[in-house]
Amino acid sequence: MGIGTDVGVVLEGVSVSVAALDALDREDHILAAGTGVGADVDVLQRRYELRLERLEAVSRVEAQLAAVKARDAAEAVEIQQALLAPDAPVNERMFSEMSAVEEIAGVLSISSAAAGALVEQSRRVGSLPPLLGALSAGDLSWQHARIVADETEGLTPDGAAALVAHFFDPDAPNPARGAAPGELVPARFRAKVRAWRERHHPETLAKRHAKGVADRRMEYTPDRDGMAWLSLYLPGDTACAIWNRTTATARGLQGPDEPRTLTQLRPDIAASFLLGAGTPAGEAAGSSADVGRAPTPRADVLVTVPVFALLGLTDEPAVLDGLGPIPASMARRLVADGAESFYRVLVDPRDGAPLEIGRTRYRLPETIKQWIRMRDRKCTFPGCSNHTPDNHTDHLTAWEHGGRTDIRNLAQLCPKHHRLKHARAWTPDPATNNGPPGWTSPTGRHYNPEHHDPQPTHWPPGIVPLAAVPAWPEPEMEEPEVEEPDGDNLLDPEDLFAADALWDDFYAKPFVLPPDPQADWPLLLTLM
């Protein structure tokens, strides 16, 4: 069969996992009975840890059984087709598959549509051996496998194989960094997979975006308890701007006399804007928190743009903070048309690393804050998807414990996990210049950081990347003599705090570049 028939190997793995579960259960019974337990054992703490270990083992068994289920669903339809004569007409094959899908639906007590989706997803998972292997080993859940199946739809077979290799083959060119796929919550894994897909899709993002714009709409869905859902399908930059402005206005309304949470304020403010009311829906009469008078803090958003895309030389997608990949034309418009709440982040065309953040403010703390936002993109706590507008820039090692204010000791944390970090023993690793911190839980489990995947950008047609051009011989230059400046009133910048007022004076001075010593050198770009 095309999807493979080594179910026995998977079942052996299931047996090993079940044996591990049984051992954990026996240990728990011994602890509960209190017989043969050493005096140095914290029984309650160990029983708590056993629950976590059993949950982990059960999750592995579920994944392994999902692999068996996927194989059987796909192979059931495949065998049903094999029962037909080789020259069977198309309608016979259609009814044969339809009958098999209905049988699967009956066996699993699911709808025909759900059974059909299961068969199709199982086929896609089975067509990607590294993905099926990871699922069979229990290294990721069926939900993770289904994400890959969904996101490879529309890609060529080579494109789908390249996507899977990027995330599951450590020897692939420029493999995914940081936490393994199965260590990421499904929503974060989908975001990473989708970002890779958008960059490598055979059809440009600009064309696909144009099709999506034609489908924009508003939908209304009644719900229980006298409530309803109202949703908008809009271009990403418009939706992001609405969300950020609503959030910023909600923050301006918060205070000691405002009982509503940020989550409650957002829909109230949106309803007031749409209905033209001066007071947020649901607000008590006579309250002074009027949307029209509420202060609206600035809602800064980072737009990461490849240099060549910003210059209009390529159509490589940019990345809008809190949304994901956007067309290059949208990014150029956001950073060029006076959108003051958008910061553009230029990306090095050689390796996709950030070059610098555009800014109009000179205070060093603001620059550090924006760099941390660009590096982390979201709350760095394991599994959290809270994006930057709601997050705090927190010292990983507290200031009072000797922690410095630099990017290796700072990270994004949402308010919820910021409080948890100080209330329980969740311990962050040090961050790096280009990577967020990992975390260790109170029970000692370590969670790897979720790294982003910067990749070499697309080069304009006819230009060869510098790495592909033979090195030009460097001219012989005399080393200039370094003169020590006079005076005893000089300071080492490392000894200054980030908020020191001296930095304001330093950045207020005009920055003058020295003459370019390579101005007359030949251009190291080869035209094709």
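Before we set off, one definition: the axis of a helix is a line fitted to its C-alpha atoms over the stretch in contact, and the angle between two axes runs from 0 to 180 degrees between their N-to-C directions. Keep it in mind, and remember that the model on your screen is predicted.

**Stop 1: the whole chain**

Of its 528 residues, 36% count as buried. The accessible surface comes to about 31400 Å², and 57% of that belongs to carbon and sulfur atoms. Now think about contacts between residues with a separation of 6 or more: 58% of them join residues 24 or more positions apart.

**Stop 2: colour by confidence**

The average over the chain is 80, and 74% of the residues score at least 70. Which element has the highest mean pLDDT, and which the lowest? Select residues 142-151 for helix α6, the highest at 95, then residues 354-357 for strand β7, the lowest at 56.

Next, select residues 284-291, where pLDDT stays under 50. The model gives this stretch 14 contacts beyond four places in sequence. Residues 359-364 also stay under 50, and there the model has 13 such contacts.

**Stop 3: α2 crossing α4**

Select residues 43-82 (helix α2) and residues 112-126 (helix α4). Their axes come within 8 Å and cross at roughly 105 degrees. Angles of 65 to 115 degrees count as roughly perpendicular, so α2 is roughly perpendicular to α4.

Show side chains where the two helices touch. From α2 come Lys-69, Ala-70, Ala-73, Ala-74 and Val-77, and from α4 come Leu-118, Val-119, Ser-122 and Arg-123. Sorted by class, this contact holds 6 nonpolar, 1 polar and 2 charged residues.

While you are here, click on Asp-72, which also lies in α2. Is Asp-72 buried or partly exposed? Its relative accessibility is 43%, so Asp-72 counts as partly exposed.

**Stop 4: α3 meeting α4**

On the α3 side, look for Glu-97, Val-101, Glu-102, Ile-104, Ala-105 and Leu-108. They meet Ser-112, Ala-115, Gly-116, Leu-118, Val-119 and Arg-123 in α4. The residues of this contact divide into 7 nonpolar, 2 polar and 3 charged.

**Stop 5: inside, at α6**

Go back to α6. Why is this helix described as largely enclosed by the rest of the structure? The reason is that 7 of its 10 residues are buried. Select them: Trp-142, His-144, Ala-145, Ile-147, Val-148, Ala-149 and Glu-151. What covers them includes α2 and α4, along with α5 (129-136), α7 (157-168) and α8 (186-200).

**Stop 6: a threonine in a loop**

For the last stop, select Thr-380, in the loop between α14 (364-376) and β8 (392-395). With a relative accessible area of 10%, Thr-380 is buried. Which residues does Thr-380 contact, leaving aside neighbours within four places in sequence? Highlight Ala-411, Gln-412, Leu-413, Pro-436, Pro-437 and Trp-439 to see them around Thr-380.

Conventions. Residues numbered from 1 in each chain as written. Heavy atoms only, no water. pLDDT = per-residue confidence, 0-100. Helix = DSSP H or I, 4+ residues; strand = E, 2+ residues; numbered from the N terminus. Contact = heavy atoms within 4.5 Å. Parallel < 35°, antiparallel > 145°, perpendicular 65-115°, else oblique. Nonpolar A, V, L, I, M, F, W, Y, C, P; charged D, E, K, R; others polar. Buried < 20%, exposed > 50% of the residue type's maximum accessible area, 1.4 Å probe, protein only. Areas by Shrake-Rupley, 256 points an atom, 1.4 Å probe, with all protein chains shown as cover.
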